[in-house]
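The questions below ask what lies behind the terms used for this model, and each answer sets a computed value against its cut-off.

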Amino acid sequence: MPEQPAYPYTPETLAQRWHCSAETVRDMVRRRVLPAFRVGRMMRITQAAVEEYECKTSESDDSKEGSLSSGMRMADGAVIALRHTRKRMQSAKRAT
């Protein structure tokens with residue numbers, strides 16, 4: 001049976017695959033974490049780029065135990081990624 005051609009993903013279809021929002025996928029493209037191309041105003045992500053990203057972010061069983069990850073892995077295998085935010089600087093109160 002011949003292989004089906006690999007159609008590029010839209011942010012919406014990739015978001016469904018990754019169980020996240022389409023805005024998260026767009027943000028990854030904007031930050032250049034995930035390569036994409038445009039067709040007019042439409043954004044597309046190749047299957048090769050998706051597979052390459054998934055391979056980079058998946059971890060082997062050996063590396064899980066020694067990892068100092070900032071995320072948590074749920075019982076069903078889903079990952080919760082935590083972000084670090086900048087500390088807010090308290091402004092000095094002005095004496096009146």
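**Helix contact and ring pair**

Q: Which residues of H1 and H3 meet?
A: Leu14, Arg17 and Trp18 on the side of H1 meet Val50, Tyr53 and Glu54 on the side of H3, where contact means heavy atoms within 4.5 Å. The model is predicted, so local features need pLDDT of at least 70 and side-chain atom pairs count only at pLDDT 80 or more, while totals for chains, interfaces and linings use all residues. Residues are numbered from 1 along each chain as its sequence is written, and side-chain values use heavy atoms, with hydrogens and water left out.

Q: What describes the crossing of helix H1 and helix H3?
A: The axes of H1 (residues 11-18) and H3 (residues 47-57) come within 13 Å and cross at roughly 30°; such axes are lines fitted to C-alpha atoms over the stretch in contact, and the angle between N-to-C directions can run from 0 to 180 degrees. The crossing is right-handed, a word used when the near helix is turned clockwise from the far one by less than a right angle.

Q: Why is the pair of Trp18 and Tyr53 called tilted?
A: The ring centres are 5.3 Å apart and the planes stand at 40°. Rings of Phe, Tyr and Trp (its six-membered ring) pair if their centres lie within 6.5 Å, and planes under 30 degrees apart count as stacked, over 60 as edge-to-face and the rest as tilted; the pair is therefore tilted. It links distant parts of the chain, with Trp18 in helix H1 and Tyr53 in helix H3, 35 residues apart. By this rule the count comes to one aromatic pair.

**Buried and exposed**

Q: What makes Val25 count as buried?
A: Val25, in helix H2, has 0% relative accessibility and so counts as buried, since buried means under 20% relative accessible area, exposed over 50% and partly exposed in between (1.4 Å probe, protein chains only). Leaving aside neighbours within four places in sequence, Val25 is in contact with Pro11, Leu14, Ala15, Trp18, Cys20, Leu34 and Ile45. Val25 and Glu12 are 13 residues apart in sequence, and their C-alpha atoms are 8.1 Å apart in space.

Q: How do you know that Thr10 is buried?
A: The relative accessible area of Thr10 is 18%, so Thr10 is buried. This residue belongs to the segment before H1 and, not counting residues up to four places away in sequence, touches Met43, Arg44 and Ile45.

Q: Why are His19 and Arg32 called exposed?
A: His19 has a relative accessible area of 73% and is therefore exposed, and Arg32, at 77% relative accessibility, counts as exposed too. His19 lies in the loop between H1 and helix H2 (22-30), and Arg32 in the loop between H2 and strand S1 (37-39). Neither is a glycine, yet His19 has a positive phi of about 55° and Arg32 one of about 65°.

Q: How many helices and strands are there in the protein chain?
A: There are four helices and four strands, where helices (H or I, at least four residues) and strands (E, at least two) are DSSP runs, numbered from the N terminus. Along the sequence the pattern is α-α-β-β-α-α-β-β.
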